[in-house]
Amino acid sequence: MKKYLNLLSVIVAGAYFWSYTKTYTQWHFIDYINLIFHEAGHTIFFLFGKFFAIAAGSGLQIAIPLGLAGYFFYHHKYISSSICLMWTGQNFMNVSIYVRDAVTMNLELLGGDYVIHDWNYLLSEMGLLHKTDSIAQLIFIIGFLILFSATVWGIQSAWNTHISDTEKIHI
């Protein structure tokens, strides 16, 4: 029975994250959570200089679910790890929206017109603003591949792994 509950958990999580890919440019519930980690990245790393603090927003947004995936993997909680990797893939896709906006700067940013557009600043500083679309597309593809791999791995883990009484989904 636990095998099927774990399989259902992976399918439900996968369905949520895959539905995200169809409307990834729209705001979703998970984006509220991602925004907290994004803004925390700026705040936590402000002591390391402007460039690093700005980069840390998107960096922490991706690092949190990736770190959780690593933690669960280390503890042999492969289903939980796969769901966190799905979330990681979704975050890459979310960051690609912000990157793609670096030239036009049409997104509404937290703080309004008086804040720096992270990716406009980062790509300008690196002399890569003219490569915005290619960079955004690459980040989206990475996210898509992570989401695909994590979904397949999660289903495979749920289906083929015997779940003992002590192993449960941890998220």
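## The salt bridge

There's one salt bridge in this structure (a side-chain nitrogen of Lys or Arg within 4 Å of a carboxyl oxygen of Asp or Glu). This is a predicted model, where local features need pLDDT of at least 70 and side-chain atom pairs count only at pLDDT 80 or more, while totals for chains, interfaces and linings use all residues. Residues are numbered from 1 along each chain as its sequence is written, and side-chain values use heavy atoms, with hydrogens and water left out.

The partners are arginine 100 and aspartate 133, with their closest N and O atoms 3.5 Å apart. They tie together distant parts of the chain, 33 residues apart: arginine 100 sits in helix 4 and aspartate 133 in helix 6 (residues 132–160). Helices here are DSSP runs of H or I, at least four residues, numbered from the N terminus. Arginine 100 is partly exposed at 35% relative accessible area, and so is aspartate 133 at 49% (partly exposed lies between buried, under 20%, and exposed, over 50%, with a 1.4 Å probe and protein chains only).

## The largest pocket

The largest pocket comes out at about 600 Å³. A pocket is an open set of points on a 1 Å grid over the protein atoms alone, where a 1.4 Å probe fits, with protein on both sides within 12 Å along at least five of seven lines; lining residues have an atom within 4 Å of a point. Its volume is the space filled by probe spheres set on the points.

Of the 23 lining residues, Trp27, Leu35, Tyr98, Glu108 and Leu109 lie nearest the centre. Helix 2 gives the most to this lining, with six residues.

Terms used
Helix = DSSP H or I, 4+ residues; strand = E, 2+ residues; numbered from the N terminus.
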